[in-house]
Amino acid sequence: MGRSDSRGRAGEVRPWWWRPIALALILVVVLLAAPAAAQDGDDDEGEGGGGQFGGLGDLAQAAGPEFHPVYKLSHTRDKEISGWTHNFNLSYPLASRVSFSSTTNITIRENDVLNRVNLQENWNTGIGVAVSSAISTEIKFNRIKQRDVRNEGSPNEVRSFREKESVDLSTSYKKVYLNDIDLSLGVTGGFEKNRYADVQSRGVAQSINATLRYDAPMGLATDFSYSGRHSLLDSEQGVLASTDESIDHNFNGRLAYTWEENQLTVDLRRSTSKKEYPKEQQTERREQNGEAIAVGTDLNLLPALDTRISLDFSRSSSSYELEPSRDNDIKTYTLDGSASYTLGDTKFSTDLRSEKKRSNYFDEQTGDSYSQSFGTSLTHRFNDRLSASLRGRMSLLSRQYDDIEANDQDRDLFDQEATLNFDYTPRSDIRTGLTIKIREDQLIYIRRSRTGDNKTTQTFLIQPSVKKDFGSKISLTQRYELSADYTLYDYDRDSNFLIRNFVIGTGLDWRPIGGLGLNVEHKYRGQDEGAYREDEFGVERYARNSERDDHSMSISVRYRLLELIDLEVKQDLSFQKKWTFSDDEKRLAWEKYDTSVTGRASLNHTLEDGTRLSVSVARTHRDATNIVERQREVWNITANIDKTF
Amino acid sequence: MIWRRIALVAVAAVALSLLGGCILSPRSPDGPPEGDQTDWETPIDTDTVLRNIRTALAGESINNYHDSFTEDYRFHVDPQDSLDAGDEGTTRYANWTREDEVFAANGVFNDAASIAVSFSNVEAPQEEFDETFRTEDYTLTVAWQSGPHVNEEIIYRGRATLWMRRVAGRWAIFRWVDRRADPPINDTWGVLRGDYRD
C-alpha cells in the first residue's frame, strides 16, 4: 500500500539520453556499412561469390539478398511536453538456415514544466536455426526497462523504475500430416532477472506448448492446445530472501461441425496458476483458476433467415494468502440469440441477451447481477430515393446484494429507446435525412435508505439534415437538432430538471482548383435549463434558471504545394454568453471568447531507395478569456524516417 | 402480396417488442425514503460534476458516482505509482474502465467510515466546447473502519487532469489523468484505486 521510494537504487550513472544517441550512432554505422556491404556482395558474385565470408554483407549475400533494417524516428512537442520514439528492426539471414533478428524500441517523454522524464526501452535479439523443415531452435534475449524521474539532480528528486531481462532457448517442432492433421510442440528454457522498487529477483523459467489440429471428414474440425510454464526465482525485498515458484497451465479446445450453411461450435477453456512473489517483505501466494465452455450455433435453415444462438458458462476464482480480502469467485451464465430475416427490400432483425453473474467477494459486495437486453429493427427501402428504419431497444440491469443490511445499493437500471430514421434523396444533388429519437432511463434503488435518488430521465430528439451539391466542387450542409432532456425524481420532485437544446450547424466545402480546398463551418447552440416541477395546482411547470448561447466558427484553407507538401491554415473563433434569471429578470452572468490560428505544413515522401519521410510542423497561436490560454503558443512537430534497404 | 408480408413482419416486430416489455420488468422499491432530498445535481457544467463526486463519496452513493463518468471512461495512473507497484503494476492499472472505477469505489465504501474530497482548481475549463479539461489539486480524506488501515484516517493527495464531455447538455468525465503532488508526501487517489481493483 505504501509508496516505496526508489531514489538512487536504479544505479544510474549515465544520463538518460545516452541510449538514443548510441542507437543513432549504430544507425549511422549500419546505414554507411550496408550499401558498402551490398556492393562488396555484388563484387563477390561477379567473381564467383561464396568463398570467404568477410562480414555481414557477405553473409547476407551468401544466404540471400534480403536485408531489411528499418529505422523510425518520431518527435512531438505539444506545449511543455515533448516525446521521442526510436524504433529499430533488423532481420538478417546469416546463412541459409540461420537468421538473426533484433528489435529496439525507445520512447522518451519529457515535461519541461514539471521537470519530469519518462523512459521506456524494449530490446529483443535472437538467432534462429532451422534444423529441418519441421524442427527449429532459437535463442532470444529480451530486456525491458522503464524509468520515471522527477526533479532530476535536485534535492527532491524522485526515481521509479522497473527492469526485466530474460534469455530463452527454445526448440519447436511443427508438421502437417496427411494435410488434415497439424501438430506442433515447443520447449523453452531460460534465465530471468527482475528489478523494481525495492525488489530484486533472478532465476530460471521453463515452458512447454503443444497444439493438435485435425480436420476430419464430414465437416468436423478440432483444435486443442496446451501451454505450461514454471519458474523458480530467488527474490529479495528488505529482510525477505525467498525462493518463489510460479506454475501456469492453460488448456484450450474447440470442436466445430459444419453442414451445408450451418455450424455448431463448442469451445472449452481451463486454466490454473500459482504464483509466489514478494509483497511488503513477505511472500504473497496467489492462486487462480478459470474454466469456460461456450456452445454456439449459426443456422440458415430457411432462405433469407439467419439465426444465431449461443450458451456460455465461465467461472474464475482468485485467492491470496496475505490479502484474503481480495479473494473472489465469479460465475457467469449467458444466453445470446439473434435472428434476421430479409424479404426483398425489407430486413427485420432481433436479438436477445440474458446474463446472470454470481460474484463472491466474501464481503458486502457479494451478490448477483442480472443483465438482459432485447432489440429489434425494421429497415425498408421504398425506392431509390427513400429508405427508412425503425429501431427499438430495451435493457434491464439488476444488482442484488446478499447482505442487504450492510449494503443498501441494490438497484435496477431500465433503459428503453426507439429511433426512427428517414433518408430521402429527391434529386441527385440534394440529400436529406431525419432522425427522431425517444429514450427513457429509469434508476430504481430498492432499499428505502436510497430511494431518494430514484429517477427517470427522458430524452426527446429530432434531427433533420440537408446536403446540397453545387456542381462537383461546392457542397453545402446544414443540420438542425432540437432536444429536450427531462430528469424526473420519484420522491424528490423539487429536484426535477429540464435541459433544452437547439443546434444549427452549417458547413461549406469548396474545391475551386486541384490541390486547393476551402472549408467554412459555423455552429450555433442555444440552451436553457431549469427546474421542472409541479405548481400548487398539480401542473408541471418549467422555471428557467439560465440560458446560454454558443457560437463557433472555423475557416480552413488547404493547399498541396508542388504535389509534395500539404499546407493548411485554420482559424477558429468561438464566443459564449450565459444569462441567469432571477425575479423574472434576465441578467448577463458571463461571456467568454476563444480564438486560435493554426498553420500546418506536412510532407509524406518516398525516396527512390524506398526511404519514407514524414514530417509535420504545426504552430498555433491562441487567445482566450481564460488566462491560461491567453496569448498562448503551441508547437507540434512530428518527424518520421523509415529506411529500408 | 409484398405489402402483406411487410405488414406481417411489422406485426411480428410489435409483438416481439411487447414480449420484450413483459420479459424485462424492473423491481419495485421499498417505498419513499424518510427524507426526500437527492444529493444529485443535474451536471449542466463541469463544476457540478465535481460537486456530484464530492457528495456521492460523502453519501456513498454508487450510482451518482457512476453517473459522473462516461461509458468510455479511462483512468491513467501516475507512471511512478505504476512502476512502484512492480509486477502487479503491469496489470493493476491497465485498461481502467468505468466498471473498474465503480468497483474500486464500492470497495472503498465498504471499508470506509467517512470519505471527504476537496478540489482546488489549477486550470479552468473551456465549456463552450463539447469537450474540455480542467486540472485540479485534490485532497481525499478517508477514515477507515475496516480493511488494512482500520481505525486510521489517511489523506491522499495528487493532481488530476479531468477531461469531460457534454452529451445532451450533461457533463461527465471521460478521462482522468492522475499525477502525484509535488512534493509527493501522500499516496495518490490512483494508489487507493489500485488497492481496490478486482
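**Notebook: sheet and interface of chain B**

I started with strand 3 (residues 131-144) and strand 4 (residues 153-167) of chain B, which pair in the antiparallel sense over 13 bridges. Pairing here requires at least two bridges found by DSSP; strands (E, at least two residues) and helices (H or I, at least four) are DSSP runs numbered from the N terminus. Across this pair, I found V142(B) opposite I154(B) in strand 4 of chain B.

The model is predicted: local features need pLDDT of at least 70 and side-chain atom pairs pLDDT 80 or more, while totals for chains, interfaces and linings use all residues. Residues are numbered from 1 along each chain as its sequence is written, and chains are lettered from A and ligands numbered from 1 in the order written.

I then traced the sheet of chain B: 5 strands, open, order 1-5-4-3-2, with mixed pairing. Strand 1 (69-76) and strand 2 (112-123) of chain B each have a single partner strand, so one side of each lacks a neighbour in the sheet.

Next I looked up what packs on the sheet. Helix 2 (residues 46-58) of chain B touches strand 2, strand 3, strand 4 and strand 5 (170-180) of chain B. Contact means C-beta atoms, placed from the backbone, within 7 Å. Helix 6 (residues 98-111) of chain B touches strand 1, strand 2 and strand 3 of chain B.

Last, I checked the contact between the chains, which takes 51 residues from chain B and 72 residues from chain A. On the side of chain B that touches chain A, helix 1 (2-23) of chain B gives the largest share, 10 residues.

Terms used:
Contact = placed C-beta atoms within 7 Å. Axes fitted to C-alpha atoms, helices over the stretch in contact; angles between N-to-C directions.
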